[in-house]
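Here's a quick briefing on how two chains meet. Have a look at the model first, then read on.

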Amino acid sequence: MDAAVAAAAEARERLRASFASGRTRPAAWREAQLRGLLRMAAEMEDDICAALHADLAKPQTESYVHEISLVTTSCKFALKNLKKWMKPQKVPSRLLTFPSTARVAAEPLGVVLVISAWNYPFLLAIDPVVGAIAAGNAVVLKPSEVAPVTSSLLADLLPRYVDASCVRVVQGGIPETTALLELKWDKIFYTGNSKVGGIVMSYAAKHLTPVVLELGGKCPVVVDSNVNLHVAAKRIAAGKWGCNSGQACISPDYIVTTKSFAPKLLESLKKVLGKFYGQDPLRSPDLSRIVNSNHFNRLRGLMDDETVAGKIAFGGQSDEQQLRIAPTLLLDVPLDSAIMKEEIFGPLLPIITVDRIGESFAVINSMTKPLAAYLFTNDSRLKQQFERNISAGGMIFNDTGIHLTNPHLPFGGVGESGMGAYHGAFSFDAFTHRKAVLDRSSFLGEARARYPPYTPAKLSILRGVLKGNPMAMVQAAVGCTGGRRA
Amino acid sequence: MGTTKAADGAGALLDLGETVRELREAYEGGRTRSVAWRQAQLRGLLRLLQEKEAEAFQALRTDLGKHHAEAYRDEVGLLIKSTNGALRQLGKWMTPEKVWVPLIAFPATAQVVPEPLGVVLVFSCWNVPLGLSLEPLIGAIAAGNAVALKPSELSPCTSRFLADNIGRYMDSSAVKVVQGGPEVGEQLMEHRWDKVLFTGSPRIARAVMAAASRHLTPVALELGGKCPCIFDAMGSARVLQISVNRIIAGKWSSCAGQACIAIDYVLVEERFAPILIKVLKSTLKRFFQETDHMARIVNKRHFERLSNLLEDRSVAPSVLHGGSMDAKNLYIEPTILLNPPLDSAIMTEEIFGPLLPIITVKKIEDSIAFVKAMPKPLAIYAFTRDAALRRRIVDETSSGSVTFNDAVVQYAIDGLPFGGVGQSGFGQYHGKYSFEMFSHKKAVMKRGYLVELTLRYPPWDESKVTLMRYLYRFNYFAFVLSFLGLRR
């Protein structure tokens with residue numbers, strides 16, 4: 001534990017000194033780091049895919065499309081917009097403080113801590129770091145120990161591609177993470193589960209450190225009957241099993257549909273699954289495995305629950321040695337079963353049925369706010385009601401998952417799915433202090449009505465000024481006090 | 001009505017649970033979402049401020065000895081301005097923002113839709129008791145939330161004023177005032193809120209954030225710090241006088257220095273200290289001819305805290321002006337000190353009172369290092385005509401805000417975000433920032449079924465990956481060629 005404490009303190013002190021030296025402030029430094037990350041993603045693509053395969057048996061296509069290319073896009077977007085983001089924004093100055101100029105300057109917070117998750121261990125480590133660097137901070141990155149091969153790779157690669165005096169990787173598990181959390185940071189960015197998110201925030205509270213928490217939840221998919229069923233089924237499948245075998249924070253967690261439509265939906269999903277993963281899904285190279293035996297046993301437990309086991313409508317096979325579970329569909333599990341109370345984070349997809357599609361809202365609102373909510377429908381009124389009445393980090397109509405690829409949309413949770421957001425300019429903002437700067441360097445006007453001794457006449461001028469009364473403004477600006485010189 | 005007086009004992013806990021439940025029901029019922037409801041509340045607030053102005057002034061005078069001109073200038077008047085601003089801009093703030101969507105997702109639309117967080121809690125502070133209660137309330141309501149407001153028990157008259165009137169002018173089951181002391185604050189934090197805004201001291205802020213973490217409630221903390229005022233050579237006598245006027249306004253006219261953005265201490269070059277002190281003394285005499293033109297100290301505890309700062313043996317010799325204290329009336333004369341020891345309490349803690357230490361430096365540029373060595377304050381002030389110095393101050397120091405050649409007025413500009421950084425807090429409000437503080441920006445994407453790119457789906461093969469490489473580089477031309485090539 002002492003070694004962990006010493007390592008954490010040393011990393012932070014080094015970075016504090018580097019930040020204090022001003023090294024991370026110039027645009028040139030930030031651009032150089034972002035280009036370094038771009039080169040890393042391009043040159044080391046094979047190594048990165050190999051690490052992701054070792055940790056998660058992630059298919060190469062997913063590794064490229066969902067991790068590497070998203071990092072690349074993120075770096076390029078930041079490089080393209082950096083100068084714009086760094087520029088102070090002018091604020092219209094009010095007549096109230098005429099003459100003056102006002103602006104909001106973007107300033108780095110300082111030395112920040114990024115703790116990432118195991119399911120997208122490359123993307124969720126580097127993407128926040130892109131934001132932190134673009135905003136001019138020094139960063140300590142603590143990759144997840146549950147994806148150890150990727151963690152080691154990051155520790156090895158980052159010092160080769162970015163400025164090691166300002167960007168450090170600290171590896172480890174609970175002791176190392178706790179040692180880091182005991183220290184004071186200028187911001188902590190955490191991606192993971194809600195329980196640990198609360199713990200991170202409680203550590204941050206001791207130092208009054210602001211946090212971004214990217215957590216999870218049960219992302220619902222409501223499927224109406226008036227949709228192109230085959231396309232809908234494919235998009236649901238892509239968002240579920242095509243995303244790390246359902247181990248993704250924005251994966252559809254469960255479906256709600258009408259009793260009458262459920263059989264058709266079930267058939268369509270079965271067909272799609274057959275096409276995607278063949279007759280022996282446990283052996284398909286296009287499916288990730290379960291990350292470790294803890295999670296494997298957890299998921300098996302959800303399926304083997306006696307109130308649930310009989311509801312398996314498709315799949316249910318697993319291979320403990322290979323840590324694989326086949327895409328599994330369940331129909332009408334009890335709402336109080338564990339599989340409907342916790343975030344599934346795996347290849348099991350319960351389908352809950354209701355009499356009328358509108359009843360799905362009550363099901364969703366009985367749970368905590370999710371990171372994403374999905375609705376498949378062509379009914380614009382239903383869309384409107386969904387948008388208005390369902391609160392979630394983000395929402396997609398007629399697709400799943402893709403909103404996170406749009407850098408113009410903020411990506412983050414609400415309620416128990418998290419606080420704060422990132423991606424695109426939001427990443428820059430997440431690690432920036434917006435400093436208000438007011439300049440009254442022209443001493444042209446002096447509003448003596450502001451000062452004591454207070455008189456009724458002065459007060460009346462102040463009233464006028466605050467109400468925007470032009471006459472009062474003029475009086476104030478010329479130093480009028482409304483009465484005898486005071 | 002819309003108030004809950006939490007008395008001691010078991011009854012109190014029950015009261016609060018009921019309060020929170022009512023607020024949640026009001027929110028879940030949906031009426032706080034409509035534009036009409038929000039406008040009605042804001043108009044109600046406006047009427048409250050206009051009709052009950054005399055009572056508000058009276059409460060502030062009783063609680064703090066605040067002159068009604070200061071009360072209007074710093075609290076009531078600003079609140080009226082903010083409420084009108086919110087009414088004017090509400091439609092714009094509520095409008096979803098359309099954002100760009102990449103061609104690959106065609107046809108699709110994307111928007112950022114602001115939505116209320118739900119049921120929010122605002123902890124206010126005693127020194128600007130109306131402003132720090134109602135300014136956040138404006139934002140919370142504009143954003144469509146149900147709100148619980150907990151004013152400070154250290155400004156009891158204002159607390160009662162709010163408790164008596166909010167329910168009369170606004171929707172009392174969706175906007176509630178909860179009175180009481182720290183125990184009530186603790187009990188409130190045992191419940192789950194959708195956001196908590198806390199204005200006050202770092203010590204209590206830590207407890208609030210720790211309690212919030214149990215429910216994953218996001219917080220905003222408006223704290224304080226020692227706001228320095230860097231005073232450079234000012235050239236003409238006229239400009240010097242104006243600067244001194246503004247320093248006095250930023251210290252003693254701001255609730256007798258009991259304000260988070262009040263000037264805490266001044267940094268000036270050795271050779272200019274005498275002239276600064278001379279003009280300060282003469283202007284103080286002119287401005288504060290009557291004691292009731294400066295607020296009094298809020299209570300005995302703070303009075304004793306401040307007198308201890310002055311009576312510290314290593315500090316007492318540095319008192320240059322003022323120093324007299326009236327314990328009965330809780331009045332401390334405007335006091336100036338010259339170079340008290342830097343390790344004395346008056347130079348290590350936030351003063352929050354009418355005592356102004358002046359610290360001399362050899363060169364004015366040395367102020368920058370001095371300020372950087374302290375925790376980040378809510379505001380940094382600098383009186384200087386030197387543009388290069390101004391640039392250095394902005395680039396090299398960090399604070400909630402920086403104001404040149406004036407003090408405290410940045411609070412009144414609603415286009416500027418108001419909030420701290422580091423030890424002075426996090427989260428910002430005023431104007432549209434208030435609306436954003438209490439909103440969730442929901443990303444909403446809409447797609448159709450017209451175009452379907454099968455290369456998204458497994459089973460994977462190399463050709464699909466190649467296509468995706470082109471697409472992700474937004475190289476549509478190569479994509480189309482390749483796509484057509486595949487077809488052949």
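A salt bridge here is a side-chain nitrogen of Lys or Arg within 4 Å of a carboxyl oxygen of Asp or Glu. By that rule, chain A and chain B share seven salt bridges. Keep in mind that this is a predicted model, where local features need pLDDT of at least 70, side-chain atom pairs count only at pLDDT 80 or more, and totals for chains, interfaces and linings use all residues. Residues are numbered from 1 along each chain as its sequence is written, chains are lettered from A in the order in which they are written, and side-chain values use heavy atoms, with hydrogens and water left out.

**Extent of the interface**
- Taking contact as heavy atoms within 4.5 Å, 97 residues of chain A touch 111 residues of chain B.
- About 8,900 Å² is buried between chain A and chain B, with carbon and sulfur atoms giving 60%; buried area is the accessible area (1.4 Å probe) that two parts lose on being put together, summed over both.
- On the chain A side, L208(A), F443(A) and Y454(A) lose the most area to chain B, together 10% of what that side buries.

- One of the salt bridges joins R440(A) to D406(B), with the closest N and O atoms 2.6 Å apart.

**Strands across the interface**
- Strand β18 (residues 432-439) of chain A pairs with strand β17 (residues 401-404) of chain B, in the parallel sense and over four bridges; strands are DSSP runs (E, at least two residues) numbered from the N terminus, and pairing takes at least two DSSP bridges.
- V437(A) sits opposite V402(B) in β17(B).
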